[in-house]
Amino acid sequence: MTVIDPQKTDEALGSLIRLHRKTAGLSQEELGRAVGTSAQQIQKYEVGQNRVSVHRLLAISHALGIEAIALLSEVEKSVGQQCNAHPDTRARELEFLGSSAGRLLVSSLVEMADDDFSASIAQVAANASRSLDAT
């Protein structure tokens, strides 16, 4: 059984909150107002400095338009991947997904009507990444 570092879990949840907040087009101030806290507190959640209570997690997920269970599932996958991957890899992935280029790429893939074509593009990117790693 793998022991999961609570700090890594808090950081993973914070990164996902930031990702979903940016995707929703909300500022830290707007999200804080929606859940009854300050922008500073949202910032502390997002960097994993403060732990998110269940009550606050429910409020945040509601404000972001996602189910809390879906958010927790993402955290569980993220922490599991962190156990199996280089620690900086998952952080870089989440940072990219939170960037405007990452959001554009993901939304473009989601909007494609042809799932096979989307999968092909993802495979090309994965192959290119492996090729770059080999050099």
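Tutor: A salt bridge is a side-chain nitrogen of Lys or Arg within 4 Å of a carboxyl oxygen of Asp or Glu. Keep in mind that this model is predicted.

Student: How many salt bridges does that rule give here?

Tutor: The count is 4. Start with Asp-10 and Arg-51. Their side chains meet in a salt bridge, N to O, at 2.9 Å.

Student: Which parts does the pair tie together?

Tutor: Asp-10 sits in helix α1, residues 6-23. Arg-51 sits in the loop between α3 (39-46) and α4 (54-64). So the pair links parts that are 41 residues apart in sequence.

Student: Is Arg-51 buried or exposed?

Tutor: Use the cut-offs: buried is under 20% relative accessible area, exposed is over 50%. Arg-51 has 56%, so Arg-51 is exposed. Asp-10 has 12%, so Asp-10 counts as buried.

Student: What does Glu-46 form with Arg-21?

Tutor: A salt bridge, with the closest N and O atoms 2.5 Å apart. Glu-46 lies in helix α3 and Arg-21 in helix α1, so parts 25 residues apart in sequence are tied together. Now apply the cut-off again. Glu-46 is buried at 3%. Arg-21 is buried too, at 7%.

Student: Where are Arg-33 and Glu-29?

Tutor: Both are in helix α2, residues 28-35. They are 4 residues apart, which means a separation of about one helical turn.

Terms used:
Residues are numbered from 1 along each chain as its sequence is written. This is a predicted model: local features need pLDDT of at least 70, side-chain atom pairs count only at pLDDT 80 or more; totals for chains, interfaces and linings use all residues. Side-chain values use heavy atoms; hydrogens and water are left out. Helices (H or I, at least four residues) and strands (E, at least two) are DSSP runs, numbered from the N terminus. Buried means under 20% relative accessible area, exposed over 50%, partly exposed in between (1.4 Å probe, protein chains only).
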